[in-house]
Each structure stands twice: as structure tokens, then as C-alpha cells.
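Here are my notes on this model. Please read them beside the coordinates.

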Amino acid sequence: MAKKETQAPKYSKETYMYWYESMQLQRKFEEKCGQLYGMQKIKGFCHLYIGQEACSSGSKSALREGDKYITAYRDHGIPLALGTSPNAIMAELYGKITGASKGKGGSMHIFDKEVGFVGGHGIVGAQIPLGAGLAFAEKYKKTGNVSITYFGDGASRQGALHEAFNMAMTWKLPAIFVVENNGYAMGTSVARTSNVTELYQLGEAYDMPSEAVDAMDVEAVHEAVSRAAARARAGEGPTFLEFRTYRYRGHSMSDPQKYRSKEEVEAYKERDPIEQVKQRILDFGIATQADLDAIDAKIKVQVQESVDFAEVSPFPTADEAYKDVYVQQDYPFIAE
């Protein structure tokens, strides 16, 4: 548990309250997903973000409208942090037509163009060059926006990372690359897969500004992403951040987690990002326990409403199988 704060708060009340509510919504939503998966309401693959919520919420508070986000298949938390409706995400997990991807993507392929979320992607590391491409588009169109690309520690072994890093630095793209290092690529520790265990050092081979970040602390995430975004918007190119985080659950719902001890998991829970920000809110007098209880109650209702929405929503009809796959009616997507 975080020790009692004595200094003044670094950020506004609105920021601290956003962090608490955003992270708590992700946590409670995914705890419910875990229950529903056990009930076979949610099927197929399902990768939970529980424990990593500071990565998404701290990034969102540091960036601005118009910026683009792309990630791998552990993709429920980021759109929730960005403001995607829990109803749309839960319906997608159920495979319903009202889902964020019309029931065609499921857990691993959530998209929401309206909030700048360019999707969860199932091929390991494939989103890294896509993220560079998003940054290229923003630079080409002179929008002043940046892209932020998240991937797991296992994806840092992919050749696509090195190709994307080289091009991003050569062209000084407004990109932020983030490895969410939760310690295990599926069930294999970083130390067993690479001689380089300080993953941020991979960026240094390209002279890319790189740093490790305590991603159990939402303030540290916010500050690191803020620095990276300022550099990108100033035309100074990309940054590589190693978010040192931890997932409390398995790699996916089918993971028995035999590769790590219960003591290790509990040690990380002592540094829980939600509890840290909650303690700061209370210590600084930003809000009372009653205020936080009211937020928790609201989130409980939101989560249940998302389940109710998904339950009553219809499945896609057969003709939907031929839509949004081979032909895009408004192609090209980017038009002058």
C-alpha cells in the first residue's frame, strides 16, 4: 500500500478523480468479464488487463483529442479509458451486432474510431508498424497529433519492431511506442527469452529516446507520456517507453499460471495502481471516502447495465458475414 503523502498534489482534482474512476471502471468491468467467461457467456479468447490499468488511464490524461491509440489483444482497458461505452465492449465480447466491432471481432478486436482507438490486434507485434503508419499519416496531414502503440514484452522480440523503430526515427514520426512489460510473454519470463532484460534499451540502438517507467503508478505514466508527446509534437520524433507493470490474472482465461508464485502476485498487489491513487486522493483531501464510494456504486450500475445490454442484443444475421470484410464502400479511408 502506498505510504501517506505529505506534499501537495501535483495535478488537479479533475485529473485525480478521472484516474480513480477510469481505472476502477476497467477493474470492475473485467472482473465481471472473468465471471461471465466462467459462465460461458463470453467465449473464445479473453485476455484481462487487471493490474495494468494505470497504463491506459495515465496515457489518456497525458494525450489529447485526435491522438491515435493501437494495441494488441489485451484491449478492453484502453477503449474504456478513452470513453468507449461499456455496453459496446460487453456486447462485442458476447458477439452481438451492437458490439464495437459488430460482433465480428470479439475480445481481441475492439475498435472505436470516434475516440481514436484503432484497435486491438491478434498477431503478435503486428500493431507496431501499424502504429508507425498512423504517426506517418498524422505527420503527412500536419495535424499535430501523435500515435501511441502498445505491445507486450513478448512482441519486443519481433522483427517488425526493429523495422518500425528504424523508419520512425529516420522520418522523425510523431510516435510513442510502449512495451507493457508485465514480466511474462504468455508464461515465459523476459529473462528466459532475451539477453536484454532492460527492454527500454532496445530503443537506444536507434538513438530513440527511451526510458523505463513505474507503470503501477499512474502519475509516473502520465508524466512519461506527456514528455514523449511534447517531443513528438515538436517534430523531434518517437519515444520508446517500457511500462513496468503486472497482470494479476493469467495471460488469458485458460492460463493456469504455474510459472509464477502466489507470493509474487501478492507483492505486486501491494503496489496496486488504484489503491495508490485512492490513497493520494484521501490524503490530499481531494475527495472523501463517501465520494469514492459513490463512484464505485455508479460503476457497479454501469457494469451491470452493460451485461443487461449484451444479453438482450441480437446476434449478427448471416448477411453480416459478407460486410466490412472485402469491400469498403468509402475507400480510400484517408481522402483529401
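1. Cys55 is buried, at a relative accessible area of 0%. Buried means under 20% relative accessible area, exposed over 50%, partly exposed in between (1.4 Å probe, protein chains only). Cys55 is in no disulfide; the nearest cysteine sulfur, that of Cys46, is 18 Å away. A disulfide here is a pair of cysteine sulfur atoms within 2.5 Å.

2. A word on the source. This is a predicted model, where local features need pLDDT of at least 70 and side-chain atom pairs pLDDT 80 or more, while totals for chains, interfaces and linings use all residues. Residues are numbered from 1 along each chain as its sequence is written, and side-chain values use heavy atoms, without hydrogens and water.

3. The disulfide count is zero. Cys33 is in none; the sulfur of Cys46, the nearest cysteine, is 5.6 Å away. Cys33 is also buried, at 0% relative accessibility.

4. Strand β3 (residues 147-152) has five of its six residues buried. Strands are DSSP E runs of at least two residues, helices H or I runs of at least four, numbered from the N terminus. β3 runs parallel to strand β4 (residues 175-181), with six bridges joining them. Pairing requires at least two DSSP bridges. Phe151 has Val179 in β4 as its bridge partner.

5. Strand β1 (residues 68-71) also pairs with β3 in the parallel sense, over three bridges. Lys68 is bridged to Ser147 in β3.

6. Leu241 is in contact (heavy atoms within 4.5 Å) with residues including Ile176, Phe177, Val179 and Val225, leaving aside neighbours within four places in sequence.
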